[in-house]
Amino acid sequence: MAGDLRHRKIIRAALGNYEIARDKRKASFQSWESARQLAAETKWDALNHLDKYLVEFTAKIEARGTKVHWASTAAQAREIILQIVRDKKAKSVIKSKAMTAEEIHLNDALEHAGLNVVENDLGEFIVQLRHEAPYHIVFPSMHLTRGEISELFQRELGSTPTNDPEELTMIARRALRKKFLTADIGITGANFAIAETGMISITENEGNARLTAALPKTMISLLGIEKILPKLGDLALFLPMLATAGTGQPLTCYNTMYGGPRQPGESDGPEEWHVVLLDNHRTELLADVEQRDVLHCIRCGACLNVCPIFKNIGGHTYGTVYSGPIGSVITPHLRGLQDWKHLSNASSLCGACTEACPVKIDLHHHLLQNRRNAAVQQPTLKEQIGFKSFVQLANHPKLWAFAKKFARLTQPLQKLVRGTRLDPGYHWTQTRDLPDVAPETFKDWWRKRK
Amino acid sequence: MTEREKILARVREALKVTAPLPGSHGETHLPASAKNISTARQWLPKVGESFAEQLALFQKNAAELKADFQLLASRDELENALAKISTAENWKRIASHHGELTDFVSGSLDLPICFTDKNYDVHELETCDAGISECDALVAQTGSVLVANRSAGGRALSVLPPHHVVLARREQLVADLPAAFELLQQKYAANYPSMISFITGPSRTSDIERILVLGAHGPKKLTILCF
């Protein structure tokens with residue numbers, strides 16, 4: 001992927017424009033650095049008193065008729081949502097962008113249960129049509145050109161070819177409008193959960209989340225327990241900081257706070273609102289005092305945008321839901337350190353991520369800590385066997401010489417099956433090159449030279 | 001034990017040790033309890049103190065956001081301004097809600113009106129050319145319009161029709177975001193509306209090659225008529 005120059009050009013152009021806009025917005029703050037410190041301290045307060053705030057949040061939001069559900073695992077969260085869908089005998093679901101839903105693979109579960117699920121954020125809609133994971137946590141389709149999107153719409157929606165981003169957006173708008181008006185259930189994520197008033201806050205640009213929370217009769221919001229902010233007024237700081245760090249805007253187009261389903265005397269909105277609070281290893285991160293600040297993350301994507309590794313390898317190469325520096329730090333916690341420790345090395349330790357983070361997460365040090373923690377643990381069985389075999393091989397000159405000869409002779413055969421499951425080096429060659437073994441060893445060459 | 005109890009027990013177990021304060025190198029920090037809404041004000045983008053400065057800032061922000069901000073001399077000009085837009089865009093049907101300002105002007109257009117403050121048909125709202133609403137405040141710092149479902153005709157009126165027209169008074173202009181949240185607290189703290197939204201320009205997306213397109217799912221146009 002790093003060798004794909006066309007891909008790198010697309011990413012560089014997109015992120016170059018982002019940097020210009022973001023720097024302009026940062027400069028408009030009287031002190032961006034002090035704002036970061038205040039944001040970090042506010043999140044610190046929220047997380048170090050999380051039990052108190054979670055209790056306050058649920059009491060307040062339940063008092064206004066919202067049903068709160070608690071899920072320790074991804075499987076529980078999926079089951080809670082499926083149960084609501086079954087109870088409502090729903091057929092169609094519209095969903096506004098939510099990384100937490102990607103984390104628990106909600107769409108697969110819903111589709112498996114026979115539901116029609118449509119993503120309504122434009123970028124998410126595009127990657128859903130391509131059966132792809134989002135490329136970036138804020139810009140899901142930033143790796144695609146308008147030509148590719150036009151071809152996709154022609155194939156999937158039967159639209160006429162166009163190279164105009166505005167026309168392409170309108171094709172999606174028309175297609176999705178119908179879904180909005182007929183969907184039984186709307187699913188959203190949340191950017192913040194306000195303990196003081198029992199509200200969630202959703203940040204967006206398109207208006208898709210607003211429609212998701214206005215039209216269907218049942219609304220479900222899925223959020224991690226770390227989304228808590230103590231006070232409603234904290235948003236006066238967090239909303240502009242999220243927009244600045246995320247997209248370089250002073251404020252995104254819609255920042256909306258929801259405090260309940262449709263209340264008596266109100267004319268629209270869902271009759272029922274379910275809020276699902278997800279743990280899924282977050283309490284384990286909370287227990288890690290050294291890395292607790294990782295839960296400060298507001299998913300702005302700023303660390304991805306400045307990361308030299310992300311800029312070269314792109315979002316899909318990580319093979320994770322959360323990519324970039326924040327993804328490399330949290331994925332080992334969510335999915336196992338030994339299986340995902342290689343991500344800690346996808347870093348130049350330049351510290352650009354730490355500097356970009358609006359809530360001051362010490363990202364590059366956490367990558368180092370993950371390396372350290374991985375090294376003191378027992379590695380996976382595969383790795384143990386691999387290294388033990390290598391030691392045997394390297395300690396026996398005859399065996400070593402045989403291995404080299406064997407490799408030279410069998411490599412042409414490997415080329416025939418490269419990239420297929422028959423390839424013994426499949427896991428390596430799937431994503432990497434395997435260089436040719438030299439036709440002559442150094443030893444042979446040395447001997448000849450004499 | 002319910003999942004709620006299990007999760008809270010794990011949280012309490014984890015929090016037996018407090019994490020060090022962020023960026024702490026021995027300096028003193030303001031305790032969290034001493035902070036209030038206006039603590040952030042000193043770090044956020046600067047807003048002038050006089051009304052004229054704030055108005056100019058709102059105008060500048062609205063222009064950057066591609067919203068149409070029209071400053072009118074008096075309430076009587078609302079009717080005229082609205083009629084001009086209606087003629088230019090050839091409106092056939094509008095949506096609105098009952099309120100002092102909306103009642104004052106919406107009848108003058110002589111068009112069928114879909115009222116959204118009582119039960120209404122969403123398919124009918126979808127066919128309207130414009131949604132006309134009041135608001136809670138205008139925010140100079142960001143060029144935002146603050147609406148709540150209680151003050152602006154529900155959740156869908158300001159986002160479903162292709163053109164959102166906001167009617168506002170000059171005195172509704174507040175300086176910055178902290179002031180907007182203070183206003184919300186004063187106005188609603190006893191019983192908050194179930195939806196409160198900061199609308200900052202017409203709906204937009206940059207999901208295709210990071211090129212700005214207006215009118216992704218919400219209104220393509222946002223007009224603010226202020227007297």
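**Close-up 1. Helix H3 (residues 50-62) of chain A packs with helix H1 (residues 3-14) of chain B at an angle of about 150°, and their axes are 9 Å apart.** The model shown is predicted. An angle over 145 degrees counts as roughly antiparallel, so H3(A) is roughly antiparallel to H1(B). On the chain A side, Leu50(A), Asp51(A) and Leu54(A) of H3(A) meet Leu8(B), Val11(B) and Arg12(B) of H1(B). Sorted by class, this contact of H3(A) with H1(B) has 4 nonpolar and 2 charged residues, and no polar ones.

**Close-up 2. Helix H11 (residues 235-247) of chain A packs with helix H6 (residues 177-188) of chain B at an angle of about 135°, with 8 Å between their axes.** The two helices, H11(A) and H6(B), are therefore oblique to each other. H11(A) passes H6(B) in a right-handed crossing. H11(A) makes the contact through Leu235(A), Ala236(A), Leu239(A) and Pro240(A), and H6(B) through Leu177(B), Pro178(B) and Phe181(B). By class, the contact of H11(A) with H6(B) has 7 nonpolar residues, no polar and no charged ones.

**Close-up 3. Helix H15 (residues 324-335) of chain A is largely enclosed by the rest of the structure, because 9 of its 12 residues are buried.** The buried residues of H15(A) are Gly324(A), Pro325(A), Ile326(A), Gly327(A), Ser328(A), Val329(A), Ile330(A), Thr331(A) and Pro332(A). They pack against helices H13 (302-306), H14 (308-313), H16 (337-340), H17 (352-356) and H18 (363-376) of chain A.

**Close-up 4. The end C-alpha atoms of H15(A) are 16 Å apart.** At 1.5 Å a residue, its 12 residues should span 16 Å, which agrees. After H15(A) comes Gly336(A), with a positive phi near 105°.

How values were computed:
Residues are numbered from 1 along each chain as its sequence is written. Chains are lettered from A and ligands numbered from 1 in the order in which they are written. This is a predicted model: local features need pLDDT of at least 70, side-chain atom pairs count only at pLDDT 80 or more; totals for chains, interfaces and linings use all residues. Helices (H or I, at least four residues) and strands (E, at least two) are DSSP runs, numbered from the N terminus. The expected span of a helix is 1.5 Å times one less than its number of residues. A residue is buried if 20 or more other C-beta atoms lie within 10 Å of its own, exposed if 12 or fewer, and partly exposed in between; C-beta atoms are placed from the backbone. Two residues are in contact if their C-beta atoms, placed from the backbone, lie within 7 Å. Axes are lines fitted to C-alpha atoms, for helices over the stretch in contact, and angles run from 0 to 180 degrees between N-to-C directions. Angles under 35 degrees count as roughly parallel, over 145 as roughly antiparallel, 65 to 115 as roughly perpendicular and the rest as oblique. Ala, Val, Leu, Ile, Met, Phe, Trp, Tyr, Cys and Pro count as nonpolar, Asp, Glu, Lys and Arg as charged, and the others, Gly among them, as polar. A crossing is left-handed if the near helix is turned anticlockwise from the far one by less than a right angle, and right-handed if clockwise.
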